[in-house]
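Keep the model open as you read.

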Amino acid sequence: MAAADLPAIMAVAGQVHPDYPEGEAVFAERLALHPAGCLVLAGGEGLGGYVLSHPWRLGQVPALDSLLGALPGDADAYYIHDLALLPCARGGGAASACVDRLAAHARDSGFVRMALVAVGNSAGFWRRQGFREAHDEALARKLASYDDAARYLVRDLKDDWRNA
């Protein structure tokens, strides 16, 4: 991902996540803070999708449409902030390949867990990627700001069967 991709990324975000709007400053900041975790899926006719990810604290969720300021020095998990693919880019394994690439990056960076908030109807996809729901009442209140279906999911990378 590069700064020049941001207008196309915003267009994808608007189409894929109309109920979870975030400003371009959020995307630009994530790219500046952790460029290795910000990827785009180039398609034949432009951008097919993107992912934003970065080190973060397990059990904490950055508020929707908020700037981080900095990444925590005591990060203990690798957080997938957003993975969005246009309908034309789905079904070919790109999302799973992206998650595998992020898991390898997280392991190489010393993390033993990945985390995310699944929204809409995406929890099934994330479960197939090895993520499991983590229950926490305090976190549940924060998730309510997303929607009733939002779930905090964690994947253990230490003994991950996908390491092969």
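Start with Asp65, which sits in the loop between strand 2 and strand 3 (77-85). Helices here are DSSP runs of H or I with at least four residues, strands are runs of E with at least two, and both are numbered from the N terminus. Asp65 has a phi near 55°, a positive value in a residue other than glycine. Its relative accessible area is 42%, so Asp65 counts as partly exposed; the scale runs from buried (under 20%) through partly exposed to exposed (over 50%), with a 1.4 Å probe and protein chains only.

A quick word on ground rules: this is a predicted model, so local features need pLDDT of at least 70 and side-chain atom pairs count only at pLDDT 80 or more, while totals for chains, interfaces and linings use all residues. Residues are numbered from 1 along each chain as its sequence is written, and side-chain values use heavy atoms, with hydrogens and water left out.

Now step back to the overall layout. The chain has 5 helices and 6 strands, and reading along the sequence gives α-α-β-β-β-α-β-α-β-α-β. For 164 residues, a compact globule would have a radius of gyration near 15 Å, and the chain agrees at 15 Å; that radius is taken over C-alpha atoms, and the globule rule is 2.2 Å times the number of residues to the power 0.38. Along the principal axes, the C-alpha atoms fill a box of roughly 40 × 35 × 30 Å.

What about the inside? Buried residues account for 45% of the 164. Take contacts (heavy atoms within 4.5 Å) between residues at least 6 apart in sequence: 69% of them join residues at least 24 apart.

Next come the rings. Phe, Tyr and Trp rings (the six-membered one for Trp) pair if their centres lie within 6.5 Å; planes under 30 degrees apart are stacked, over 60 edge-to-face, and the rest tilted. That rule gives 4 aromatic pairs. In one of them, the centres of Phe27 and Tyr50 lie 5.6 Å apart with planes at 75°, so the pair is edge-to-face. The two come from distant parts of the chain, 23 residues apart: Phe27 from helix 2 (residues 24-33) and Tyr50 from strand 2 (residues 46-56). Phe27 is buried at a relative accessible area of 1%, and Tyr50 is buried at 2%. Phe125 and Trp126 also form an edge-to-face pair, because their ring centres are 4.9 Å apart and their planes at 75°. Both Phe125 and Trp126 are buried, and ring pairs link Phe125, Trp126 and Phe131 into a cluster.

Tyr50 turns up again around Leu39, a residue of strand 1 that touches Met1, Gly49, Tyr50, Val51, Cys98, Arg101 and Leu102, leaving aside residues up to four places away in sequence. Leu39 is buried, with a relative accessible area of 14%. How far apart are the C-alpha atoms of Leu39 and Cys98? They are separated by 8.5 Å, although the two residues are 59 apart along the chain.
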